[in-house]
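The following paragraphs lead the reader through a single protein chain, from its overall layout to its details. Please keep the sequence and the structure in view while reading.

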Amino acid sequence: MVTWQRAMILWFQHKVDILESHEVLIRSVRTSYSAPAVLRLRYYIKPKTYRRVRLCRENIFIRDQFQCQYCAKTFAYKDLTLDHVMPVSRGGPKSWKNLVAACHKCNHKKGNQTPSEANMPLLKKPEPMKWTPKFDMMARIKNTRDDSWTPYLQMQFT
Ligand SMILES: [Zn+2]
């Protein structure tokens with residue numbers, strides 16, 4: 001994701017193609033341009049640094065694809081809770097490996113038990129999340145939702 005100013009510079013430098021534009025016009029002294037919405041890099045640029053993903057509620061939900069890790073149903077952000085696989089009261093840490101997305105019902109049902117005690121197996125083993133450009137998109141999408149991106153990201157914004 002880049003600002004529209006940066007997008008225009010990249011375009012003037014022939015580094016990107018503009019695939020989609022907004023209806024909004026950007027005016028310069030001589031002419032005006034449609035504001036770019038989707039760019040394609042002409043050359044692949046390798047990310048410079050490995051970025052760690054911050055451990056927080058939202059990122060756990062993104063890792064788990066908004067799916068309750070017990071009943072496998074998908075929920076909206078507001079209908080999900082963070083579940084400590086090993087309960088906090090029993091020394092369960094706040095970590096990528098001990099936090100999963102869970103719906104209210106499952107979280108309540110599991111209560112103060114481990115998944116095996118509650119007979120509620122986890123959908124998948126929780127692992128720390130690795131950063132990817134797609135992840136960055138999803139993490140920032142809440143404030144900058146843009147429908148013209150959808151076909152390129154192959155994901156749904158709900
Ligand atoms: Zn559930």
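A residue is called buried when its relative accessible area is under 20%, and exposed when that area is over 50%. The model discussed here is a predicted one. With this cut-off, the buried residues of helix 1, which spans residues 4–12, are Ala7, Met8 and Leu10. They lie on the same side of helix 1, because the arc they cover around the axis is only 160°. The cover over these buried residues includes strand 1 (16–27) and strand 2 (32–41). Just after helix 1, His14 adopts a positive phi of about 60°.

The wider layout may now be considered. The chain contains six helices and four strands, and from the N terminus on its elements follow the order α-β-β-α-β-β-α-α-α-α. Of its 158 residues, 35% count as buried. Among contacts with a separation of 6 or more, 54% join residues 24 or more positions apart. The chain exposes about 11,100 Å², of which carbon and sulfur atoms supply 54%.

In soluble globular proteins, nonpolar side chains tend to be buried together. Here, the largest nonpolar core has ten residues: Val53, Ile60, Phe61, Ile62, Leu80, Trp96, Leu99, Ala101, Met129 and Trp131. Helix 2 and strand 4 (99–103) each supply at least two residues of this core, and the largest share, three residues, comes from helix 2. A second, separate core of nine residues includes Val85, Ala102, Cys103 and Cys106. Returning to the largest core, one of its members is Leu99. Leaving aside residues up to four places away in sequence, Leu99 touches Leu55, Ile60, Arg63, Leu82, Asp83, His84, Lys94 and Pro126.

Which residues coordinate the zinc ion? The SG atoms of Cys68, Cys71, Cys103 and Cys106 do so, at 2.3 Å. The site is tetrahedral, with angles of 101 to 120° among the four donor atoms. Along the chain, the donors follow the spacing C-x2-C-x31-C-x2-C. Cys71 lies in the loop between helix 2 (57–63) and strand 3 (80–84), whereas Cys106 belongs to helix 3 (residues 104–110), so this pair ties together parts that are 35 residues apart in sequence.

Are these two cysteines buried or partly exposed? Cys71 counts as partly exposed because its relative accessibility is 28%. Cys106, at 9% relative accessibility, counts as buried.

Notes
Residues are numbered from 1 along each chain as its sequence is written. This is a predicted model: local features need pLDDT of at least 70, side-chain atom pairs count only at pLDDT 80 or more; totals for chains, interfaces and linings use all residues. Side-chain values use heavy atoms; hydrogens and water are left out. Donors are N, O and S atoms within 2.8 Å of the metal (3.2 Å for Na, K and Ca); water is not among the atoms, so sites may look incomplete. Four donors count as tetrahedral if all angles lie between 85 and 135 degrees; four count as square planar and six as octahedral if opposite donors are over 155 degrees apart and all others between 65 and 115; anything else is irregular. Buried means under 20% relative accessible area, exposed over 50%, partly exposed in between (1.4 Å probe, protein chains only). The arc is that of the directions from the helix axis to the C-beta atoms. Contact means heavy atoms within 4.5 Å. Accessible areas come from the Shrake-Rupley method with a 1.4 Å probe; for residues, only the protein chains shown count as cover. A nonpolar core is a set of buried Ala, Val, Leu, Ile, Met, Phe, Trp, Tyr and Cys residues joined through side-chain atoms within 4.5 Å.
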